[in-house]
Amino acid sequence: MTQPLPDPTPAPVHEAAQQGFSHAAQAYAQGRPDYPAELLPWLQQALGLAPGRQVLDLGAGTGKFTRLLARTGAQVTAVEPVAEMRAQLAAALPGVPALGGTAEALPLPDASVDAVVCAQAFHWFANEAALQEIHRVLRPGGSLGLVWNVRDESVDWVARLTALITPHEGDAPRFYKGDWRRPFTGRWFGPLELSRFSYQHVGPPAQVIVDRFMSVSFIAALPPAAQSEVRQQLQDLVAQHPALRGQSTVAFPYQTEAYLARRL
């Protein structure tokens, strides 16, 4: 890949993301789910990732999705604005360049990558300027991939967990609100193409429930007393719900939604 340009002055990062993810980087790395095995062939076939190709992991966080991108054989560059998250990624994946930057000011040259992928991130920077910048760094024929692990709230205890945290979300961007779709007006990218996969995050309740929800940006950004209250509510639900009580291992159900948009 062409050498990255010097990091530009980053665009503002939402306060909930900056504070929450900087405070909870380790909990994020421990508690967030991985991704279904079916995403690897999706990356290879839909986005064309393979040896000799270049891919940007935008909003890469602690590198959970970066590991999957690396398995395609493509050369991966990560961009993450929160220094604490970027440090976790660099420690876990020292062979992957981890650059500071934002979606609106990417530290990469024009037409330098074949694909851009955002996992659990695009709703934070879903705006016209970000799509224009992603378009700039993509080569002609390149693609944008957007991936989210979406909680399966048809399961009672999952819905109750969501109900515990939602009152704290404030103005934090959320995937479920759908606002992230608005910039896709047909100017920079073609229509969104959806693939959906089932996934279960299996592990101790303290990890896949408590750590997972305490790493949510707007929960991690709460004052310590409010965080303690949320943690206690999560622990009480684990201790009292019939499907969770006394279980050493639980399977947290997700639907993984993967969207493909082709560069125009």
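How many bridges join β4 to β5? Six bridges link these two strands, which run parallel; strands are said to pair if DSSP finds at least two bridges between them. Helices (H or I, at least four residues) and strands (E, at least two) are DSSP runs, numbered from the N terminus. The model is predicted, so local features need pLDDT of at least 70 and side-chain atom pairs count only at pLDDT 80 or more, while totals for chains, interfaces and linings use all residues. Residues are numbered from 1 along each chain as its sequence is written, and side-chain values use heavy atoms, with hydrogens and water left out.

Strand β4 spans residues 113-119 and is mostly covered, with seven of its seven residues buried. Here buried means under 20% relative accessible area, exposed means over 50%, and partly exposed lies in between (1.4 Å probe, protein chains only). Val 113 belongs to this strand and has a relative accessible area of 0%, so Val 113 is buried. Between the C-alpha atoms of Val 113 and Arg 139 there are 5.9 Å, although the two are 26 residues apart along the chain. Further along, Val 116 stands opposite Leu 144 in β5. Strand β4 also pairs with β1 (residues 54-58), in the parallel sense and over three bridges. In that pairing, Val 55 has Ala 115 of β4 as its bridge partner.

Ser 143 counts as buried because its relative accessibility is 4%. Contact means heavy atoms within 4.5 Å. Leaving aside neighbours within four places in sequence, Ser 143 is in contact with Ala 46, Leu 47, Asp 114, Ala 115, Val 116, Leu 138, Leu 260, Ala 261 and Arg 262.

Attention now turns to a pair of helices. The axes of α7 (residues 156-165) and α10 (residues 224-240) come within 10 Å and cross at roughly 165°. This crossing therefore makes α7 roughly antiparallel to α10. Axes are lines fitted to C-alpha atoms, for helices over the stretch in contact, and angles run from 0 to 180 degrees between N-to-C directions. Angles under 35 degrees count as roughly parallel, over 145 as roughly antiparallel, 65 to 115 as roughly perpendicular and the rest as oblique. On the α7 side, Trp 157, Arg 160, Leu 161 and Leu 164 meet Gln 233, Leu 234 and Leu 237 of α10.
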